[in-house]
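Me: I would like to learn how to read the helices in a model. Please take me through a few of them.

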Amino acid sequence: MNPPNFDSPLENLLALTADLRSPEGCPWDKEQTHLSVIPHLLEETYEVVDTIERGDDNHLKEELGDLLFQITFHSQLAKERGAFDFQDVANDVFQKLVFRHPHVYGNRSGIDSGEQVLTQWEELKQKEKENKGKIESDKSILAAIPKALPAIQRSEKIQSKVTKQGFDWPTVSGVFEKFQEEIKELDTELKSQVSLNTKKLPYNGRVEDELGDLFFLLVNLSRKLSIDPETCLRRANEKFESRFRIVEDLVTQTGKTLKDHSLEELDLFWDQAKLQLKAKSPIASTSTTDTKSQKNAGSMNQGSQP
């Protein structure tokens, strides 16, 4: 079998995908289903995010290609069972985006901010459902939030949805005060344990409940501060990893291992790592406006709004 040789790169990719699934194609590809390739779809998505955050254009091009292949693959699977094909996918999203941008492709005026766009977006989504005659058995405003979303992202979606209905603290201070309250409740629950002077406590359902409340409230506080919680936590992970790698280097220079050093000694190495990173590359903070606009733009291109 010769590889496809059309003038259009997209046509080549679609034909290649069909070839891989054909009787003469790849044994592994022929075995796959929508469900079996979900892990690959998620992995490719996260790899795209990683290259964007690293500002790596060469690898971004490659990773976007890998993600595009996931889309063509799912489209091919659907085509084989007569559900839809790639052209249907492209046309549907095209028509949807035109409909949801009447301030760009229509005569609607007075849309001058990202917040106004998001409000209009939700209204148009609801209108689409009505036009298509969709009758939802679950009438909750939370019904459309996918349960498969990562917990932090789903928490943010839930809170954003209820906020639009007025179910929210009017000020940031209210959330912060509630946060202090939840910390006290967790502290009370922990002190009911036999002792906190141990390396690890056994599982306790009540402690899990209180800790869950804290996580949920931290997501809410992040939203109030115009900070994406997932991005915030990823950056904290990266900051810790950068510092810890320096600690490992400093420990290696002593000719010993991490476990050969006391916690006090490791803390000194940690302080050195912080100083090295600060001197080498001071962290540039992202402006609230940029963060918010990026978040709005990203969420508008997803099927479900926050």
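Me: In which hand of crossing does α8 pass α10?

Reply: First, the ground rules: this is a predicted model, where local features need pLDDT of at least 70, side-chain atom pairs count only at pLDDT 80 or more, and totals for chains, interfaces and linings use all residues. Residues are numbered from 1 along each chain as its sequence is written, and side-chain values use heavy atoms, with hydrogens and water left out. Helices are DSSP runs (H or I, at least four residues), numbered from the N terminus. A crossing is left-handed if the near helix is turned anticlockwise from the far one by less than a right angle, and right-handed if clockwise. Here α8 passes α10 in a right-handed crossing. The contact (heavy atoms within 4.5 Å) involves I152, S155, E156, I158, Q159, S160 and T163 of α8, together with F216, V219, N220 and R223 of α10.

Me: At what angle do α8 and α10 pack?

Reply: Axes are lines fitted to C-alpha atoms, for helices over the stretch in contact, and angles run from 0 to 180 degrees between N-to-C directions. For α8 and α10 the angle is about 60 degrees, and the axes are 9 Å apart.

Me: How are α9 and α10 oriented to each other?

Reply: An angle over 145 degrees counts as roughly antiparallel. The axes of α9 (residues 172-191) and α10 cross at roughly 165 degrees and come within 9 Å. The two helices are therefore roughly antiparallel to each other. α9 passes α10 in a left-handed crossing.

Me: What span should helix α11 have?

Reply: The expected span is 1.5 Å times one less than the number of residues. For the 25 residues of α11 (residues 229-253) that gives 36 Å, and the end C-alpha atoms are 36 Å apart, which agrees. After α11 comes G255, with a positive phi near 80 degrees.

Me: Which residues of α11 are buried?

Reply: Buried means under 20% relative accessible area, with a 1.4 Å probe and protein chains only. In α11 the buried residues are P229, R243, I246, V247, L250 and V251. They pack against α8 (151-163), α10 (205-224) and α12 (263-280). An α-helix has 3.6 residues a turn, so residues three or four places apart point the same way.

Me: Is Q70 buried or exposed?

Reply: Q70, in helix α4 (residues 57-80), is buried, because its relative accessible area is 9%. Leaving out residues up to four places away in sequence, Q70 touches V37, H40, L41 and E44.

Definitions and conventions. Buried < 20%, exposed > 50% of the residue type's maximum accessible area, 1.4 Å probe, protein only. Parallel < 35°, antiparallel > 145°, perpendicular 65-115°, else oblique.
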